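This report walks through selected local features of one protein model. The sequence and structure come first, followed by the notes.

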Amino acid sequence: MIARNDPCWCGSGQKWKKCHYPRPPNAISLAKRYLDEFGIILKNSEQIEKIRIACQTTARILDALCRHAKAGITTLELDELSRKLHKEAGAIPAPLGYGQPPFPKTICTSLNEVICHGIPDKRPLEEGDFLNIDVSCIVDGYFGDSSRMVAIGKISEEKKHVMDVSSECLRRAIQVCKPERRIWEIGKEIEDYARSQGCSVVNQFVGHGTGLSFHEPPEVPHHYNDNEIPLAPGMIFTIEPMINSGVREGIIDSQDHWTVRTADGKPSAQWEHTILITERGHEILTAF
Ligand code: MF3
Ligand code: CO
């Protein structure tokens with residue numbers, strides 16, 4: 001983690017917070033500094049090309065799954081379809097076997113009051129449900145990560161609102177993404193907007209660097225924070241705001257140790273993209 005009281009790299013003697021942070025002279029030294037100081041791998045163009053392919057595969061699979069999410073279908077059936085689509089694309093589903101206890105399925109399906117990490121099961125989707133489908137896939141050893149919400153038929157005003165707010169949070173956060181903006185600006189953008197709409201921002205889970213591994217530094221909080229790391233070309237990370245219509249707190253299921261539900265049972269929504277920082281701004285690698 002960044003030691004915020006240390007002087008900036010620029011040699012001005014100023015603290016991080018105050019420093020204007022001049023860009024180091026060349027890309028190699030920038031990459032070395034990010035790795036040494038933060039453990040962040042700035043990706044080179046060969047890596048970016050591979051990660052772009054993994055992200056496009058992720059986006060395609062996610063889109064197909066969303067189109068199949070209809071009343072009557074179970075999330076287990078979506079998982080089966082996901083297995084098939086991964087296979088056809090020559091991709092490996094990153095969630096399967098991930099973590100402790102090992103995640104048992106190939107995608108996360110988070111319904112209604114589930115914030116994230118929902119496990120596909122035999123419950124058929126019903127009119128009035130909404131759910132997040134989260135796809136993370138590995139292609140040729142490189143990672144992509146994206147998720148979206150789907151409404152099943154007509155949903156309540158409350159669900160519609162939190163679904164719209166979370167998508168707008170992601171859109172606004174992506175607008176922040178350009179070199180030399182700071183990581184904290186992403187969380188500020190998200191939490192300012194969510195609060196203005198009467199919603200809360202989950203702070204137990206964060207976005208993350210990705211590409212060469214599933215989860216890499218840096219952490220990308222969606223809530224207010226003071227992480228001063230400047231965004232730099234070659235950074236690849238997810239933004240995946242989880243927005244609640246009620247309280248921000250989530251409770252992890254004591255049986256499966258994965259499913260996270262809102263403490264008050266009110267609906268929660270999330271959208272996620274994998275973002276590349278470019279010289280001029282950003283590229284949404286999982287755009288469809
Ligand atoms: N997008 C989620 C993440 O970044 C996907 C979780 S998959 C799981 O962690 F296996 F960890 F549940
Ligand atoms: Co993610």
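Pro 218 is found in strand β8, which covers residues 216-220. The model is a predicted one. The peptide bond leading from Pro 217 into Pro 218 is cis, with omega near 5°. A cis bond also runs from Gln 100 to Pro 101, with omega near -5°. Pro 101 lies in the loop between β1 (92-93) and β2 (108-111).

**Backbone exceptions**

Most residues other than glycine have a negative phi, and most peptide bonds are trans. Asn 112 has a positive phi of about 55° although it is not a glycine. His 257, likewise not a glycine, has a positive phi near 60°. Asn 112 sits in the loop between β2 and β3, and His 257 in the loop between β11 and β12.

How accessible are these two residues, together with two others discussed below? The table lists the values.

| Residue | Relative accessible area | Class |
|---|---|---|
| Asn 132 | 2% | buried |
| Asn 112 | 11% | buried |
| Ile 53 | 43% | partly exposed |
| His 257 | 46% | partly exposed |

Asn 112 counts as buried because its relative accessible area of 11% is under the 20% cut-off.

**The metal site**

Which residues coordinate the cobalt ion (ligand 2)? They are Asp 145 (OD), His 208 (NE2), Glu 240 (OE) and Glu 272 (OE), at 2.1 to 2.3 Å. The 6 donor atoms around the cobalt ion (ligand 2) subtend angles of 69 to 161°, so the arrangement is irregular. Ideal angles for six octahedral donors are 90 or 180 degrees. Along the chain, the donors of the cobalt ion (ligand 2) follow the spacing D-x62-H-x31-E-x31-E. Asp 145 in strand β5 (residues 142-151) and Glu 240 in the loop between β9 (236-239) and β10 (242-244) link distant parts of the chain, being 95 residues apart. Asp 145 and Glu 240 are both buried.

**His 273**

His 273 is in strand β14, residues 273-277. The side chain of His 273 makes a polar contact of 2.7 Å with the side chain of Thr 286. Leaving aside residues up to four places away in sequence, His 273 touches residues including Asp 145, Ser 146, Phe 237 and Ile 239. Asp 145 is also one of the residues that coordinate the cobalt ion (ligand 2).

**Asn 132**

Strand β4 (residues 130-139) contains Asn 132. The side chain of Asn 132 makes two contacts described here: a polar contact with the side chain of Ser 147 at 2.9 Å, and one with the backbone oxygen of Gln 270 at 2.7 Å. Among the residues that Asn 132 touches, not counting those up to four places away in sequence, are Cys 108, Thr 109, Arg 148 and Trp 271.

**A three-stranded sheet**

An open sheet of 3 strands has the order β3-β12-β11 and antiparallel pairing. β3 (114-116) and β11 (250-252) stand at the edges with a single partner strand each, so one side of each has no neighbour in the sheet. From one strand to the next, the twist averages 40°. β3 and β12 (residues 260-262) run antiparallel and are joined by 2 bridges. Cys 116 has Val 260 in β12 as its bridge partner.

**Ile 53**

Ile 53 belongs to helix α2, residues 45-68. Ile 53 and Ile 138 are 85 residues apart in sequence, and their C-alpha atoms are 9.7 Å apart in space.

Methods
Residues are numbered from 1 along each chain as its sequence is written. Chains are lettered from A and ligands numbered from 1 in the order in which they are written. This is a predicted model: local features need pLDDT of at least 70, side-chain atom pairs count only at pLDDT 80 or more; totals for chains, interfaces and linings use all residues. Side-chain values use heavy atoms; hydrogens and water are left out. Helices (H or I, at least four residues) and strands (E, at least two) are DSSP runs, numbered from the N terminus. A polar contact is a pair of N or O atoms within 3.5 Å; within protein, one must be able to donate a hydrogen and the other to accept it, and residues adjacent in sequence count only if both atoms are side-chain atoms. Contact means heavy atoms within 4.5 Å. Two strands pair if DSSP finds at least two bridges between them. Axes are lines fitted to C-alpha atoms, for helices over the stretch in contact, and angles run from 0 to 180 degrees between N-to-C directions. Donors are N, O and S atoms within 2.8 Å of the metal (3.2 Å for Na, K and Ca); water is not among the atoms, so sites may look incomplete. Four donors count as tetrahedral if all angles lie between 85 and 135 degrees; four count as square planar and six as octahedral if opposite donors are over 155 degrees apart and all others between 65 and 115; anything else is irregular. Buried means under 20% relative accessible area, exposed over 50%, partly exposed in between (1.4 Å probe, protein chains only).
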